[in-house]
Each structure stands twice: as C-alpha cells, then as structure tokens.
Amino acid sequence: MFFGSDPLYLLLVMPALGLAAWAQARIVSAYREGSKYRASSGVSGAEAAAMIMRSGGVHNVAIEPIQGQLTDHYDPSKKVLRLSVSNYQDHSLAALGVAAHEAGHAIQDAHRYPLLVVRNLIVPLATLGSNASFLFLTAGLVLQSMKIVWVAIALFSLAVLFQIVNLPVEFDASRRAREQLQADNLITADEDAVVGKVLNAAAMTYVAGTLTGVLQLAYFVIRSGALRRGGDRSA
C-alpha cells in the first residue's frame with residue numbers, strides 16, 4: 001500500500017489529519033472550560049434535554065445515562081437519548097449544551113428533518129463502505145484489477161457521502177439547541193456564548209472528519225490510476 005511515507009499522501013491527507021487532531025484538542029479544551037460554569041437555571045443535562053424535547057413536541061424519547069466521556073448520542077431506532085454520566089447529572093453549561101444538542105436530534109427525528117432521514121438511510125451502507133473499502137482496495141491493487149478498485153472507491157464514497165450529509169444535520173441540531181435553551185430560559189444570553197464555544201468546537205470535529213474523508217477519497221482515486229486510465233480510454 002502507499003500510505004505512510006508516500007509524499008502525495010503526506011501532502012494531501014496529513015494536513016486534514018492535523019486539523020482533525022486540532023479539532024479534537026479544541027473540543028476537549030472547550031468542554032473542560034464550559035464545565036467550570038454552572039447554569040443559572042440550576043438544571044442538569046438530563047433535565048434540560050427533557051424540557052427541550054417537551055418544548056419541541058417530543059414525548060416518546062427516553063433519556064438514559066451511559067458510561068464514557070462525550071459518548072452522548074441520540075438513537076433514532078430505539079427512541080433513546082443517551083448522555084454520558086457526567087452530562088446526565090451535571091449542571092454545567094457544557095453539560096446543558098451537549099444535552100441540548102442531542103435533544104435537537106430527537107426533535108429533528110420527530111419532525112422528519114429531511115437530511116436526518118437521508119442520513120439514517122445511509123448509515124448501513126456507510127458502515128459497510130467504511131469497513132470493506134480498504135479490503136477491496138488492497139485486493140484490487142494486488143490483483144491489478146481496476147474493477148475491484150472501482151468497487152473499493154464506490155464503497156468508500158458511501159462513507160464520505162454519510163459524512164457530507166451529516167454536517168448540516170449536526171449544525172442544525174446545535175442551532176436548535178442554542179435557540180431552545182434560551183427560549184426555555186435554561187441559559188442567559190451571556191451563558192449562550194460559553195455554550196456556543198462548546199458546540200462550535202464539536203462542529204469542527206465533524207468538519208475535520210469530513211475533509212479528511214474527502215481528501216482520502218481523492219487520494220485513492222489518484223493513486224489507483226483511475227483518472228489516468230479513464231483519460232486513456234477517452235483518448
């Protein structure tokens with residue numbers, strides 16, 4: 001394979017991986033900073049999520065604690081919003097921001113937000129593409145079979161497509177979260193600035209991940225020779 005010391009890989013993909021590392025460090029820093037401030041409303045993350053979903057017309061979603069740090073997520077298949085233990089019980093602005101973001105996903109689901117529907121449909125294909133693409137790519141290169149290489153590229157494209165569709169879904173959930181936190185008087189305008197830093201930092205991890213995926217896809221296409229061979233066929 002051509003990873004590692006390949007100059008093209010270093011030139012094309014490594015900057016994106018650097019951005020991803022920076023984004024991850026930023027979310028950790030922003031979350032730690034937001035955890036220092038207790039919300040003036042005095043509610044916990046779980047209470048905030050429940051209030052926001054209730055205001056958004058969502059009444060059939062359970063809220064459960066889950067082990068781990070920043071493992072928070074909304075499961076649309078089981079209608080369960082899971083918050084890491086600290087965010088579930090903590091009263092900090094960071095906890096409220098994360099909980100409200102996940103509640104935003106529950107509201108999206110309840111109102112059939114189009115891009116969320118598309119994202120949920122893509123998930124099984126994206127998982128398959130992410131897991132199988134490297135195996136097919138390796139096999140195609142070893143066997144010198146462009147058909148197998150194209151299968152690998154198509155599979156990896158599904159994973160990249162998921163990341164692209166996921167971006168506006170995440171941004172919309174954060175927008176809903178910040179608006180509803182203030183509408184329900186769970187945070188003040190001044191506190192929103194702190195919540196915004198946490199959610200914006202989280203958004204950058206999705207941006208970095210998407211950029212990395214797109215550039216990796218471009219790298220695979222270039223290194224496979226698919227573009228060159230396509231040009232040879234058209235000549």
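This is a predicted model: local features need pLDDT of at least 70, side-chain atom pairs count only at pLDDT 80 or more; totals for chains, interfaces and linings use all residues.
**Exercise 1. Is D172 buried or exposed, and which residues does D172 contact?**

*Solution.* Start with the location: D172 sits in helix α7, where helices are DSSP runs (H or I) of at least four residues and strands (E) of at least two, numbered from the N terminus. Next, take the accessibility. D172 counts as buried because its relative accessibility is 10%, and buried means under 20% relative accessible area, exposed over 50%, and partly exposed in between (1.4 Å probe, protein chains only). Finally, look for partners. With neighbours within four places in sequence set aside, D172 is in contact with Q108 and Y113; contact means heavy atoms within 4.5 Å.

Residues are numbered from 1 along each chain as its sequence is written, and side-chain values use heavy atoms, with hydrogens and water left out.

**Exercise 2. Describe helix α5: its span, its cover and what follows.**

*Solution.* First, the span. Helix α5 covers residues 93-110, 18 residues in total, and reaches 25 Å from its first C-alpha to its last. That is close to the 26 Å expected at 1.5 Å a residue, the expected span being 1.5 Å times one less than the number of residues. Second, the cover: 17 of the 18 residues of α5 are buried. Third, the end: R112 follows α5 and has a positive phi, near 55°.

**Exercise 3. Which elements build the largest nonpolar core?**

*Solution.* Begin with the members. The largest nonpolar core has 26 residues, and those with the most contacts inside it include I52, M53, L96 and L181. Such a core is a set of buried Ala, Val, Leu, Ile, Met, Phe, Trp, Tyr and Cys residues joined through side-chain atoms within 4.5 Å. Two or more residues come from each of α3 (45-55), β3 (80-84), α5, α7 (146-183) and α8 (189-224). The largest share, 7 residues, belongs to α5. Then zoom in on L96: beyond four places in sequence, L96 touches residues including A39, V43, A48, L181 and I187. Lastly, another core of 15 residues lies apart from this one, with F156, V160, Y219 and V221 among them.

**Exercise 4. How many helices and strands does the protein have, and in what pattern?**

*Solution.* Count first: there are 9 helices and 3 strands. Then read along the sequence, which gives α-α-α-β-β-β-α-α-α-α-α-α. To finish, 44% of the 235 residues count as buried.
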